[in-house]
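Work through the exercises below with the model open beside the text. Try each task before reading its solution.

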Amino acid sequence: MPVEFLGIAATGDGSETSARTTAAFDRDYTLRLARAHEDHGWDRVLFAYGAGAPDPAPSAAFLAARLERLQILLAHRPNVSYPTFAAKTFATLDRISDGRLTVHFITGGNDHEQQREGDFLTKDQRYARTREYIGIVKKAWTSHEPFDHEGEYYRFNDFVSDVFPVQQPRPAVSFGGSSPAAYAAGGAEADVFCLWGEPLAATAEQIERVREAAAAAGRTDTPRIQVAFRPIIAPTEELAWEKAHRTVDAIRARQSAPGLVRRRPAGGPENAGSQRLIEIAGKGERYDRALWTPTAAATGGAGNSNALVGTPETVAEALLDYYDLGVEILSARGYDLIGDAVDFGRHVIPIVREEVAKRDAAAAARLAAEDEAARRRERQQLIAVQA
């Protein structure tokens, strides 16, 4: 089974541990960070979405025109544009990148954040709209004949695009969430289903929920699974744990710093994913081989925030545990964005890829042996019948 690595395509140098020193969109920093990923074995980077943040689509186009290999995961909220317009934007970007685009659709788990850009639907309504939106985008990518649409949230007549993606039949669709509505929508529509890093047992349960949702939607395939972590690595275990505790101290100091735009929502997070992270952190700090929850607790479960702590070998082994559950895409983002991308690429990715190659070779050998044994039994049965 192939394994891929997803990093972050930040357009400025700030993080949970340090204030930004660049502009919100800094051309040089955006390109430096992307090259750090491309040069150190990463497959893809995410252009995230936030109200008031730089628009990820032109940011991604800027990057795609300057790099030859690195793939792009573009986050998009359906409330910010009409689906036919978005489909043309995505197809154009797939052309600019020569077929390196995947689109990550964000339903939105926080009412206040959605309302910043005029979205006053309820959460359940947002999920229904997202499913309708994705269906329209897929059809606009693939239909060369004009079509009409009359749904719950969108209505139009006689649309056909003049720009189509390089990828055929279309770019992949990515989706995430941890609520029943998210499993249902992503199970029905997604090529990739994204989860935040949780303990192995909880992750296995979520993967099963996604598979059940895909089957309930009538699919014969299932979405590929992506899981996201914040790796904290160092040459020794002792140094890694010292670094981890310094990181949490820096997160807490940053959270209390004056002028911080992103603050915790009153009453706790609304989205199921963040609620799960807080609940897991409340039950314990350490899980499995290397999962550590204080980084998530310090941010109030904000996004991808659970850490994997240890030497590169320990963190690689922890990632392989998730691979063994069926996870094909490993998302990782440090706190010193460029430095951590380089370190992870140099010291962790090669270990994981080498071990995955060994496991794939062993699996292929087992299948070949089983096939040979089956053929041998068939020959023996034929000889017995003829005798």
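**Exercise 1.** Is the crossing of helix 7 and helix 11 left-handed or right-handed? Describe also how helix 7 and helix 11 pack.

*Solution.* The model is a predicted one.

Step 1. The crossing of helix 7 with helix 11 is right-handed.

Step 2. Two packed helices are described by the angle between their axes and the distance between the axes. For helix 7 and helix 11 (residues 312-325), the angle is about 30° and the axes lie 10 Å apart. Angles under 35 degrees count as roughly parallel, so helix 7 is roughly parallel to helix 11.

Step 3. Helix 7 contributes L200, T203, A204, I207 and R211 to the contact, and helix 11 contributes D321, Y322 and L325. Sorted by class, this contact has five nonpolar, one polar and two charged residues.

**Exercise 2.** At what angle do the axes of helix 6 and helix 7 cross? Name the residues of helix 6 and helix 7 that meet.

*Solution.*

Step 1. The axes of helix 6 (residues 180-189) and helix 7 (residues 200-216) cross at roughly 55° and come within 8 Å.

Step 2. Helix 6 and helix 7 are therefore oblique to each other. Their crossing is right-handed.

Step 3. On the helix 6 side, the residues are P180, Y183, A184 and G187; they meet Q206, R209, V210, A213 and A214 of helix 7. By class, the contact has six nonpolar, two polar and one charged residues.

**Exercise 3.** Which residues of helix 6 are buried, and what covers them?

*Solution.*

Step 1. The buried residues in helix 6 are A182, Y183, A185, G186, G187, A188 and E189.

Step 2. Seven of the ten residues of helix 6 are thus buried, so helix 6 is largely enclosed by the rest of the structure.

Step 3. The cover over these buried residues includes helix 5, helix 7 and helix 9 (272-283), together with strand 7 (172-176) and strand 8 (192-196).

**Exercise 4.** Is R126 buried or exposed? Find the residue whose side chain is joined to R126 by a polar contact of 3.0 Å.

*Solution.*

Step 1. R126 is located in helix 5 (residues 123-142).

Step 2. Buried means under 20% relative accessible area. R126 has a relative accessibility of 1%, so R126 counts as buried.

Step 3. The side chain of R126 is joined to that of D111 by the polar contact of 3.0 Å.

Step 4. Apart from neighbours within four places in sequence, R126 is in contact with T107, G108, G109, N110, D111, Q114, D119 and L121.

Definitions and conventions: Residues numbered from 1 in each chain as written. Predicted model: local features only at pLDDT ≥ 70, side-chain atom pairs only at ≥ 80, totals over all residues. Heavy atoms only, no water. Axes fitted to C-alpha atoms, helices over the stretch in contact; angles between N-to-C directions. Helix = DSSP H or I, 4+ residues; strand = E, 2+ residues; numbered from the N terminus. Parallel < 35°, antiparallel > 145°, perpendicular 65-115°, else oblique. Left-handed = near helix turned anticlockwise from the far one by under 90°. Contact = heavy atoms within 4.5 Å. Nonpolar A, V, L, I, M, F, W, Y, C, P; charged D, E, K, R; others polar. Buried < 20%, exposed > 50% of the residue type's maximum accessible area, 1.4 Å probe, protein only. Polar contact = N/O pair within 3.5 Å; in protein donor to acceptor, adjacent residues only side chain to side chain.
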